[in-house]
Amino acid sequence: MGCWRKIQSSGWIFPTLILCMYGFFVMMRPSEPFLTPYLTGPDKNLTIEEVTQKVFPVWTYSYLALLLPVFLLTDYVRYKPVIIIQGISLIITWLLLLFAHGVQAMQLVEFTYGMVTATEVAYYAYIYSVVSVDHYQKVTSYCRSITLVSTTAASLLGQLLVSLAHVSYFYLNAISLASVSMAFISSCFLPMPQKSMFFHKKSSPEVSIGPTDKNPSDTSNQPNYQQGKDVRRSSENSQKTHQLFKNQDPKHFLAVLVQLCKDLKECYTTKKLLYWSIWWALATAGFNQILNYVQVLWDDKAPSHSSAVYNGAVEAIATFLSSITSLAVGYVKLNWDLTGELALGIFSALDAGSLFLMHFTGNIWACYAAYVVFKACYMLLITIATFQIAVSLSMERYALMFGFNNFVALLIQTLLTVMVVDSTGLGLDIGTQFLIYGSYFAAIAGIFLIRSLYTIISIKCQTNIAGNPRTNEAEDQNINGYATRL
């Protein structure tokens, strides 16, 4: 009893523990890797065309429609109510999956699941409102690690139950319903935050993510460092403006929105942040599209009604390798300002190659392996992009760019869905879709490989001219102007 009181009075252990419990149960969904076989099987009896062209696109549309309103509401109501809404949405989703039938009912499932994904921001933002800055790194690692562990365990559990115990997909969904119900119950015990990032700020000094006290002499090999420092300084100046809206009536909501728009404009005028954000939006749109339809491709290569299904094992391996690649980024010592865009180009090319292989191969195992490579490469790059953006910004501006980048990604994904997948558009077969997705990532790779080549050449030109004593001032200005245009 004394130990429990100590945990509650610690200030950060209790909310972190409850949030980790919530994250574990939310992601403990062993039925998710088997959604397509479940919908096209005897339980729901939908055709693969109905699932691909009429059901799955609803998730993209609902996610896009809900993301921005939910993002603002999350901060305004201080996170906990939105986490509870997410738990309720998960329960409704799995109740419908278990007991509803027909295309329209499954479209409603996708809509409620769109609410689930739109409210995910509350889970990752909540902890920063209830713990001190000293514990940010620790609690972030706990919360993110528990979701990866739970996802891997759920996928493995689902695969073992299907392959060894021959449990039906219906009972996998029943287990998922029990898990998300536990998540909802645990969310009710979360302490209510007293502050938020935008609408309920405290007057304490803001702490930026990333280095703020480096000696300028340490930045000689980082050509974009000064830009990041300028963004941090501008962010600190805008804190006074944010304070005007502290504890104000809802009528000031519009004024806060105006200030957020100004913050976004200042962030995207920094070339480094702009280029990383462009890749983030383009690649995330493609990644979400692949996640949404890869099970349909697997079912096309090896129909679930006549072949063994190993979707759970593949998802577990892909998630595990993705966590390893993400972790490895923290131990790689590179000048990402110089090599980051090259990495984006190379690994995006690997993603494109994986998708082309998934299109052309008739072997389901090659298709599985290509998916594992694709997911691991994306998770590696998104980790680098996240760090490169976060290191230059305050917590508020990072959250703002995170939300806006995802919104742009959803816009792009919606265009892909309307043009390629939806029956109102081209309504292409799943194999042709993945050929287009491979071409899409090949275009991304080409953009950033060309961009990285120009960056490297411009930096070498600047270095050579700086070492030439006969170079006049006019030539220096020409080179600097050329590099700026890049």
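Start by selecting R78: with a relative accessibility of 24%, R78 counts as partly exposed (buried is under 20% relative accessible area, exposed is over 50%, and partly exposed is in between, using a 1.4 Å probe and protein chains only). You'll find R78 in the loop between α4 and α5; helices here are DSSP runs of H or I with at least four residues, strands are E runs of at least two, and both are numbered from the N terminus. Check the backbone too: R78 is not a glycine, yet its phi is positive, about 70 degrees. Most residues other than glycine have a negative phi.

A word on what you're looking at: this is a predicted model, where local features need pLDDT of at least 70, side-chain atom pairs count only at pLDDT 80 or more, and totals for chains, interfaces and linings use all residues. Residues are numbered from 1 along each chain as its sequence is written, and side-chain values use heavy atoms, with hydrogens and water left out.

Next, go to N45, in the loop between α3 (35–40) and α4 (48–76). N45 is another non-glycine with a positive phi, about 60 degrees. Is N45 buried or exposed? At 61% relative accessibility, N45 counts as exposed.

Now zoom out. The protein has 18 helices and zero strands, and buried residues make up 50% of its 486 residues. Of the contacts (heavy atoms within 4.5 Å) with a separation of 6 or more, 83% are between residues 24 or more positions apart.

Select α5 (residues 80–99) together with α9. Their axes come within 9 Å and cross at roughly 160 degrees; the axes are lines fitted to C-alpha atoms, for helices over the stretch in contact, and angles run from 0 to 180 degrees between N-to-C directions. That makes α5 roughly antiparallel to α9 (over 145 degrees; under 35 is roughly parallel, 65 to 115 roughly perpendicular and the rest oblique). The crossing is left-handed, as the term goes when the near helix is turned anticlockwise from the far one by less than a right angle, with clockwise being right-handed. Show side chains, and on the α5 side you'll see I83, W94 and F99 among the residues in contact, with F170, L177 and F184 among those from α9. By class, this contact has 15 nonpolar, five polar and one charged residues. Here Ala, Val, Leu, Ile, Met, Phe, Trp, Tyr, Cys and Pro count as nonpolar, Asp, Glu, Lys and Arg as charged, and the others, Gly among them, as polar.

Last stop: Y437, in helix α17 (residues 430–466). Y437 is buried, at 2% relative accessibility. Not counting residues up to four places away in sequence, Y437 touches Q289, I290, Y293, L355, V420 and V421. Draw a C-alpha to C-alpha line from Y437 to Q289: the pair is 148 residues apart in sequence and 8.5 Å apart in space.
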